[in-house]
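Subject: Structure handover

Hello,

Here is the structure I said I would pass on. My notes follow below it.

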Amino acid sequence: MGLRALLLLLFIILLVVRPWAHWGVPLLGLGLLMPGTVAIGLLGSKRVAGAMPIHLERDDWLWILALLAFGGFWLLDVARTGRWPLDSIGWAIPLPIWPLLAVVLLIWLLRYPPGVRVFWVAVCGGALGAGAVALYERLVLGDGRASNDLNAIPFGNLSLLLGGLSLLALLWCLRRGHARSLVLASMALLAGVFGILGSLLSGTRGGWLALPFLLVLWFRTSRDLLPGVWRYISVGLVAFVIAGAVLLPSSNVTPRLAEAVSEAQQLRAGEVRGSVGLRLEMWRGGLMLWNEKPLLGWGEGGVVPRIRALIADDRLSPRIESFSQMHSDLIDTAARRGLLGVTTLLMLYGVPLWLFWRRLRSAGSAETQLMAGAGMMVCIAYINFGLSQSMLRDPLGLSGYLGLCLACWVTLRASHQA
């Protein structure tokens, strides 16, 4: 196994298992491997084992454009307001720089792509780890919500995403057709269940809204890979497992859903209580800020003071004063960077989603079809996650999106060229 494959394994398997993995593994790759391999790959003529010729296609350039636009405009906003994102204080590299570093990693990984097998093993390992941590914290430690000492929301969201990707790994294993692959398929199925269970035990209600979309995407991706009857049976079995987990008293899912209904009813009565009421009030405040400065927004240094001013004027509830973000990627970006910032966010979501969809529709092999489906799953999951949480302002959330998207893309490109 090459170092590039080892780094991918470590990043995905440890993503939500070890709190430092989402920044430590990428920095390790940049620090130890990038300088020499980029110099040889881009400037020299010497052939390196495992390297592929770099011919950046139009699709690669669209990827690079989306990353540069999002990260570059975020940095411009920091420059005009003189304020870094509060969430990135204390990190070795502030969050707005991560999309720019992802460009370098993208070019390097296109030169040295990891294998398809490595990707599927990694997502299954990550899902198994996330589910095991969640079960331990809920059943052994008795914690109310599984989080692994991280924010419970990105922990639960990424557990769900890794579980969904593991169910695609199940299809890849079944396509192999020999006895060892059946054992691997059993492990992939278990990983899918563990990943979804990790999300349920985290109590992350916003992520649960993504479940139906991920199941629909799995159903679309499995077309021509499984007989029709088995596709329906598979979706039904997953839905049955989810329903069973929801009904278990120890899962705490039913009380969390009842709590959300109660908070919504209290909001209708004029009381801002609980996470639902607070989110809706933060969204209202963010839209007020966007309406005041629609093009460029208030900037990193302007949102919190303006929110406090609106609270002082009794236009917003004082209960949201302690929050530094809007719990919605779209609304938070609109309030901070206006319409131009929202455009870069839509590029970050939309460009890879469109590129993966094109590859899925025109897939000439099962490997390409599955990798394109995996990339779409990452994008669609994050769009759903971002409706109720500022995932891209969270170090774990941003690193997870960039890392998983890039891994899907470079693996897809390598499988397509092979």
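**What was found**

Cys379 has 0% relative accessibility, under the 20% cut-off, so this cysteine counts as buried. Keep in mind throughout that the model is predicted.

**Overall picture**

The chain is built with 16 helices and 0 strands. Of its 418 residues, 55% are buried. Among contacts with a separation of 6 or more, 76% are between residues 24 or more positions apart. The chain exposes about 17,600 Å², and 67% of that comes from carbon and sulfur atoms.

**Cysteines**

How many disulfides are there? The count is 0. Cys173 is in no disulfide, and the nearest cysteine sulfur to it belongs to Cys124, at 6.2 Å. Cys173 counts as buried because its relative accessibility is 6%.

**Salt bridges**

Side chains of opposite charge can pair when their charged atoms come close. The model has 14 salt bridges.

One of them joins the side chains of Asp59 and Arg359, with N and O 3.1 Å apart. Asp59 lies in helix 3 (residues 58-81) and Arg359 in helix 14 (residues 329-361), so this pair ties together parts that are 300 residues apart in sequence. Both Asp59 and Arg359 are buried. These two residues also belong to a network of salt bridges that links Glu57, Arg58, Asp59, Asp60, Arg358, Arg359 and Arg413.

Which residue forms a salt bridge with Glu300? That residue is Arg393, and the closest N and O atoms of the pair are 2.9 Å apart. Glu300 sits in the loop between helix 12 (274-292) and helix 13 (303-312), while Arg393 sits in the loop between helix 15 (366-385) and helix 16 (395-417). The pair therefore links distant parts of the chain, 93 residues apart. Glu300 and Arg393 are both buried.

Arg393 also meets the side chain of Asp332 in a salt bridge, at 3.7 Å from N to O. Here the loop between helix 15 and helix 16 is linked to helix 14, where Asp332 is found, and the two residues are 61 positions apart. Arg393 counts as buried because its relative accessibility is 5%, and Asp332 counts as buried because its value is 2%.

**Ser202**

Ser202 is found in helix 7, which covers residues 179-202. Is Ser202 buried or exposed? With 0% relative accessibility, Ser202 counts as buried. A polar atom of the Ser202 side chain lies 2.6 Å from the backbone oxygen of Ser199. Leaving aside residues up to four places away in sequence, Ser202 touches Arg145, Ala146, Ala152, Phe155 and Gly156.

**Where to look**

To follow these notes in the 3D view, begin with Arg393, which forms salt bridges with Glu300 and with Asp332. Then turn to Asp59 and Arg359, the pair that joins helix 3 to helix 14.

Regards

Notes. Residues are numbered from 1 along each chain as its sequence is written. This is a predicted model: local features need pLDDT of at least 70, side-chain atom pairs count only at pLDDT 80 or more; totals for chains, interfaces and linings use all residues. Side-chain values use heavy atoms; hydrogens and water are left out. Helices (H or I, at least four residues) and strands (E, at least two) are DSSP runs, numbered from the N terminus. Buried means under 20% relative accessible area, exposed over 50%, partly exposed in between (1.4 Å probe, protein chains only). A polar contact is a pair of N or O atoms within 3.5 Å; within protein, one must be able to donate a hydrogen and the other to accept it, and residues adjacent in sequence count only if both atoms are side-chain atoms. Contact means heavy atoms within 4.5 Å. A salt bridge is a side-chain nitrogen of Lys or Arg within 4 Å of a carboxyl oxygen of Asp or Glu. A disulfide is a pair of cysteine sulfur atoms within 2.5 Å. Accessible areas come from the Shrake-Rupley method with a 1.4 Å probe; for residues, only the protein chains shown count as cover.
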